[in-house]
Amino acid sequence: DAKDFRPEREKGIIVTNPPYGERLLEKEEAEELYRVFGKVYRDIPPKWRVLVLTSHREFEHFFGRKADKKRKLYNGMLKCDLFMYL
């Protein structure tokens with residue numbers, strides 16, 4: 001569970017493709033997951049990098065922080081963004 005993640009190293013990388021709220025979860029459930037992940041991110045040491053692939057257009061709002069970089073991609077036929085927190 002994302003809310004239980006506690007890094008044991010000084011640096012690392014997290015790459016995730018969480019549910020978008022289109023197939024696996026309802027939109028509101030996905031948004032709550034993004035909020036939880038954003039809270040966990042605030043406690044991750046500064047040398048960690050986080051990359052999140054999602055089609056949710058308001059991901060940054062629910063995560064609580066603008067990405068340092070963003071790239072447009074496709075996951076199958078679904079238009080997505082890769083949010084990079086460096």
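These are my notebook entries on a predicted model of one chain.

**Ground rules.** I number residues from 1 along each chain as its sequence is written, and my side-chain values use heavy atoms, with hydrogens and water left out. For this predicted model, local features need pLDDT of at least 70 and side-chain atom pairs count only at pLDDT 80 or more, while totals for chains, interfaces and linings use all residues.

**Elements.** I looked up the secondary structure and found 2 helices and 4 strands. Helices (H or I, at least four residues) and strands (E, at least two) are DSSP runs, numbered from the N terminus. Along the sequence I read β-α-β-α-β-β.

**Sheet.** Next I checked how the strands are arranged: the order is β1-β2-β4-β3 in an open sheet of 4 strands, with mixed pairing. Two strands pair if DSSP finds at least two bridges between them. β1 (11-16) and β3 (69-75) each have a single partner strand, so one side of each lacks a neighbour in the sheet. I also saw that β1 and β2 are parallel over 6 bridges, with lysine 11 bridged to lysine 47 in β2.

**Core.** Which residues have the most contacts inside the largest nonpolar core? I found Ile44, Val50, Phe59 and Tyr85, in a core of 22 residues. Such a core is a set of buried Ala, Val, Leu, Ile, Met, Phe, Trp, Tyr and Cys residues joined through side-chain atoms within 4.5 Å. Buried means under 20% relative accessible area (1.4 Å probe, protein chains only). The elements giving two or more residues to this core are α1 (27-42), β2 (47-54), α2 (59-63) and β4 (78-85).

**Burial.** My last entry: buried residues make up 36% of the 86 in the chain.

How values were computed:
Buried means under 20% relative accessible area, exposed over 50%, partly exposed in between (1.4 Å probe, protein chains only).
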